[in-house]
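Subject: Structure handover

Hello,

Here is the structure you are taking over. Please open it alongside this note; what was found follows below.

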Amino acid sequence: MTKSTLKLKQYAQESREIVNYLVVIDTNVIVSALLSRHSDASTVQVIEALLDDQFTPIYNDEILSEYDDVLHRKKFHFPESTIQALLQYFKKYGIYADRLATDEMLPDPKDLAFYEVCMAKREEDSMLVTGNMKHFPSKPFIVTPNELLDIIRTNP
């Protein structure tokens with residue numbers, strides 16, 4: 001993920017414009033992308049699409065905290081500079097959204113923040129991208145990395 005890491009550092013200094021797609025990125029997508037050694041992996045391509053302004057991330061403090069906690073797990077050995085660049089990217093170029101309370105019951109309660117932040121921006125056609133579809137309700141706006149890439153490619 002060297003290319004993306006370099007882009008993260010480069011973009012930390014630039015101003016960006018908001019693009020049409022609004023996407024909440026589940027932590028597993030980021031972890032998978034950072035662990036991958038294959039540039040053609042769908043999760044890597046999702047992060048590349050993010051850094052290429054093909055969509056705008058949506059976040060809140062709970063989501064950033066989850067990213068920070070998980071990316072700092074010792075088993076991953078992610079460089080601190082990569083973690084901080086990624087978190088700064090979200091703060092600088094993403095859209096902050098408060099959760100929209102729902103009655104949804106998810107297998108992992110920590111995933112509710114991702115779902116409810118996405119729901120807060122549904123009027124703007126927000127999506128949630130995850131590698132763990134079974135953790136979320138089956139809804140057309142909850143997509144896999146491959147599905148998100150197909151949407152972006154089909155409707156640039």
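**The core**

The largest nonpolar core has 52 residues, and those touching the most other members are Ile25, Ile30, Phe55, Tyr67, Leu71, Phe90 and Leu148. A nonpolar core here is a set of buried Ala, Val, Leu, Ile, Met, Phe, Trp, Tyr and Cys residues joined through side-chain atoms within 4.5 Å. Buried means under 20% relative accessible area, exposed means over 50%, and partly exposed lies in between (1.4 Å probe, protein chains only).

Before you read on: this is a predicted model, where local features need pLDDT of at least 70 and side-chain atom pairs count only at pLDDT 80 or more, while totals for chains, interfaces and linings use all residues. Residues are numbered from 1 along each chain as its sequence is written, and side-chain values use heavy atoms, with hydrogens and water left out.

Take Tyr67 next. Leaving aside neighbours within four places in sequence, Tyr67 is in contact (heavy atoms within 4.5 Å) with Ile25, Asp26, Thr27, Ile30, Leu87, Phe90 and Phe114.

Leu50 is found in helix H3, residues 42-51. Helices (H or I, at least four residues) and strands (E, at least two) are DSSP runs, numbered from the N terminus. Leu50 is buried, with a relative accessible area of 0%. Beyond its neighbours within four places in sequence, Leu50 is in contact with Ile25, Phe55, Pro57, Tyr89 and Phe90. Leu50 and Gly94 are 44 residues apart in sequence, and 10.0 Å apart in space, C-alpha to C-alpha.

**The sheet**

Five strands form an open sheet. Their order is E3-E2-E1-E4-E5, and the pairing is parallel. Strands count as paired if DSSP finds at least two bridges between them. E3 and strand E5 (142-143) stand at the edges, each with a single partner strand, so one side of each has no neighbour in the sheet.

Strand E2 (residues 56-59) is joined to E3 by two bridges, and they run parallel. Ile58 stands opposite Ile95 in E3.

Helix H4 lies across strand E1 (22-25), E2 and E3, running at about 100° to E2. For such angles, axes are lines fitted to C-alpha atoms, for helices over the stretch in contact, and angles run from 0 to 180 degrees between N-to-C directions.

**The salt bridges**

How many salt bridges does a search of the whole structure find? Three. The term means a side-chain nitrogen of Lys or Arg within 4 Å of a carboxyl oxygen of Asp or Glu.

Glu62 forms a salt bridge with Arg99, with the closest N and O atoms 2.6 Å apart. Glu62 lies in helix H4 (residues 61-71) and Arg99 in the loop between strand E3 (95-96) and helix H6 (112-120), so the pair ties together parts 37 residues apart in sequence. Glu62 is partly exposed at 41% relative accessibility, and Arg99 is partly exposed at 31%.

Arg99 also forms a salt bridge with Glu116, at 2.8 Å between the closest N and O atoms. Glu116 lies in helix H6, so this pair ties together parts 17 residues apart in sequence. Glu116 is buried, with a relative accessible area of 5%.

Lys121 and Glu124 meet in a salt bridge too (3.4 Å, N to O). Lys121 is buried at 17%, whereas Glu124 is partly exposed at 42%. Salt bridges that share partners join Glu62, Arg99 and Glu116 into one network.

Best wishes
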